[in-house]
Amino acid sequence: MINLLLFPIILPFFFAILLLFFKEKIRTQRILTLIGVVVSLASSLVLLWTVKTEGIQAITLGSWPAPFGISMVSDMLSALLVTTTLLLTLFIVIYSFTSIGEERERYFYYPAILFMVTGVNGAFTTGDIFNMFVFFEVLLIASYILIVLGGTKKQLRESLKYILVNVISSALFVITVAYLYSVVGTLNMADISVKISEVNQPGIITVIAVLFLIVFGIKGSIFPLYFWLPGSYAAPPIPVLALFGALLTKVGIYAIMRTYTLFFIHNTGFTHEILMILSILTIIAGCIGALAYFDLKQIIIYNIVIAVGVILFGASQMNEAGMSGAVFYLIHDMLIKGALFLLIGVIIYITGTSNLRKMGGLMKTHAPLGWFYLIAAFGLAGIPPLSGFIGKLLIVQGAFEAGNIWSGIIVLASSLVVLLSVMRIFIYAFWGESKVALPKTNRKTYNRLMAPALVLVVLTIVYGIGTEWLLPFMTDATDVLLQPSIYIDAVLK
Amino acid sequence: MKTNDVILQTTTKLVFFIIFLFSIHIFFAGHYTPGGGFVGGLLTTGAIILLLLAFDLKTVQKALPFNFTIMTGIGLLLALGTASGSIFFNVPFFTHAFDDFTLPLFGVTSLHTAMIFDAGVFLVVVGSAITIIQSIGGDS
């Protein structure tokens with residue numbers, strides 16, 4: 001099966017098309033979506049295992065020789081990201097069944113999710129820079145639908161901002177690819193890497209590297225390009241927010257990691273220094289935001305910004321510890337952000353508000369929710385047996401090995417701020433006495449919302465405890481990032 | 001006063017078919033000359049828009065009783081199906097095939113699977129463009 005690596009892209013796409021035929025039949029839509037996501041997840045697990053046992057999977061579409069057709073490449077990093085994406089989608093789709101409401105389901109909610117997953121998986125798997133642009137557009141256009149679907153006033157206002165920012169960044173993406181194409185004359189990512197090392201990265205390539213950082217920085221929300229994120233992400237309902245928070249910014253991070261480890265590796269003193277400074281500033285800006293708000297959604301949204309900074313800081317160190325820390329933290333952050341957004345969705349459902357000052361005393365009525373939230377919060381901050389620990393440990397180790405002592409200390413200090421910000425939610429929402437009477441909620445709905453969130457939290461615990469077992473996968477992913485020749489040989493064989 | 005559109009409507013009835021036939025020509029010519037599924041689809045859309053201008057939305061929907069959302073779906077399925085056909089032969093995705101066939105009316109004709117993909121593009125373009133126009137001009 002040489003087409004195996006395309007299945008996580010084709011299958012969601014196929015089921016999204018099928019769903020277009022059943023607009024009014026909500027039950028059929030739910031069943032088909034569930035089948036589609038489960039089948040795609042199974043194919044991605046097979047792919048993960050194949051990449052582990054047989055090495056990088058690469059294919060050039062249409063049977064053309066390698067630099068001339070569109071190459072699709074699945075190395076360990078992209079296989080891991082694709083699997084995590086589908087895993088999260090599964091839980092968020094199950095959560096949507098009870099939470100999103102029939103009115104939205106009737107207007108192409110599930111097709112939009114599946115089209116977005118198609119785009120995300122495509123962007124993770126492609127080996128062609130212009131094809132990456134196309135997959136970015138696929139996921140962005142589907143995300144425009146998801147952000148505006150429902151048509152409340154807030155959604156309309158924020159979707160305008162979101163679309164405007166993304167249209168501008170997409171135009172900049174095209175311009176940057178045009179610059180790159182006029183310099184190296186190829187679009188295949190492995191071939192670009194070869195061509196750049198032949199000319200040894202003259203000034204113009206460094207300019208293009210910074211332009212790519214701006215483009216992907218807007219998508220992945222680094223400082224100072226994250227300004228659109230807090231407002232836009234707060235507008236859509238919780239399952240959509242969970243999808244966006246867990247997946248969309250990570251595509252930008254992946255694109256930065258890929259281009260900065262494959263293309264622009266000959267003048268790291270300049271490009272990676274900028275990346276490092278910006279990621280430290282991103283962490284600081286995120287920390288300020290996370291402490292400033294008394295709103296559940298905003299606190300977790302600013303935690304996305306912090307995580308973006310931490311991951312890119314790890315990647316910018318360009319040593320083994322930093323890079324594998326970044327990969328560990330990337331997967332951890334996707335899982336934990338999905339879990340946290342689903343949990344605060346449950347809190348918002350119970351209390352009917354997202355304002356922390358108006359809630360309290362939930363521990364007496366909803367103890368399991370409280371304890372699982374506490375575990376997820378500790379996982380996010382990086383308390384040792386849980387999932388966030390090993391990634392951040394390796395990132396800090398990488399920073400110290402590279403001699404960036406102060407930046408490493410800032411990353412460590414940011415953990416305290418993260419812990420403080422999420423513990424504030426715990427203290428205000430779960431401790432003390434209930435300040436206002438809780439609105440009447442349905443126990444059955446509550447249980448159905450809790451189930452996917454709890455399983456996701458359990459998964460993050462397993463991720464933390466099973467670090468030793470995951471290590472060979474992470475080592476494979478890091479090797480490809482640190483030695484571009486492995487990637488190039490796999491594509492241009 | 002009710003306006004009399006008899007000249008516009010009569011001309012439209014004639015011109016519609018000329019534009020439609022031209023769009024089919026453009027669609028089939030795409031492999032060797034400028035044209036293809038996208039332009040062909042837009043031309044067909046143009047022909048339908050001319051009908052919408054000369055008549056009203058209800059009349060056109062009665063004359064062309066298609067669900068254009070479904071048409072988009074069918075187009076996508078055609079395109080994906082053409083590309084995935086290669087999976088069953090275990091060659092890279094999107095590998096096309098072609099051969100010469102002797103057809104009763106045309107003689108020896110070279111047929112290429114890219115044509116089916118283009119037909120998918122054609123249907124998607126027509127389906128989505130008409131859906132946009134219907135939903136903007138529809139509710140009044």
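Residues are numbered from 1 along each chain as its sequence is written, and chains are lettered from A and ligands numbered from 1 in the order in which they are written. Because the model is predicted, local features need pLDDT of at least 70 and side-chain atom pairs count only at pLDDT 80 or more, while totals for chains, interfaces and linings use all residues; side-chain values use heavy atoms, with hydrogens and water left out.

Two packed helices are described by the angle between their axes and the distance between the axes. Here the axes are lines fitted to C-alpha atoms, for helices over the stretch in contact, and angles run from 0 to 180 degrees between N-to-C directions. Helices (H or I, at least four residues) are DSSP runs numbered from the N terminus.

In chain A, helix α1 (residues 7-19) and helix α2 (residues 26-54) have axes that come within 8 Å and cross at roughly 170 degrees. The two helices α1(A) and α2(A) are therefore roughly antiparallel to each other (angles over 145 degrees count as such, and 65 to 115 as roughly perpendicular). Residues in contact (heavy atoms within 4.5 Å) include A:Phe7, A:Leu11 and A:Phe15 of α1(A) and A:Leu32, A:Gly36 and A:Leu47 of α2(A). By class, this contact of α1(A) with α2(A) has 11 nonpolar, 6 polar and no charged residues (Ala, Val, Leu, Ile, Met, Phe, Trp, Tyr, Cys and Pro count as nonpolar, Asp, Glu, Lys and Arg as charged, and the others, Gly among them, as polar).

Helix α2(A) also meets helix α20 (residues 467-482) of chain A, where the axes come within 11 Å and cross at roughly 70 degrees. Helices α2(A) and α20(A) are therefore roughly perpendicular to each other. Their contact is made by A:Leu48, A:Trp49 and A:Lys52 of α2(A) and by A:Pro472, A:Phe473 and A:Asp476 of α20(A). These residues divide into 4 nonpolar, no polar and 2 charged.

A further pair in chain A is helix α6 (residues 129-148) and helix α11 (residues 238-262), with axes that come within 12 Å and cross at roughly 165 degrees. That makes α6(A) roughly antiparallel to α11(A). Among the residues of this contact are A:Met132 and A:Phe136 of α6(A) and A:Phe244 and A:Tyr254 of α11(A). The contact of α6(A) with α11(A) has 13 nonpolar, 2 polar and no charged residues.

Two loops of chain A hold backbone features. A:Asn200, in the loop between α8 (189-199) and α9, has a positive phi of about 60 degrees although it is not a glycine. A:Pro224 lies in the loop between α9 (203-220) and α10 (229-234), and the peptide bond from A:Phe223 to A:Pro224 is cis, with omega near -5 degrees.

Between chain A and chain B, the buried area (the accessible area, 1.4 Å probe, that two parts lose on being put together, summed over both) is about 1,500 Å², of which carbon and sulfur atoms give 79%.

Notes. Angles under 35 degrees count as roughly parallel, over 145 as roughly antiparallel, 65 to 115 as roughly perpendicular and the rest as oblique.
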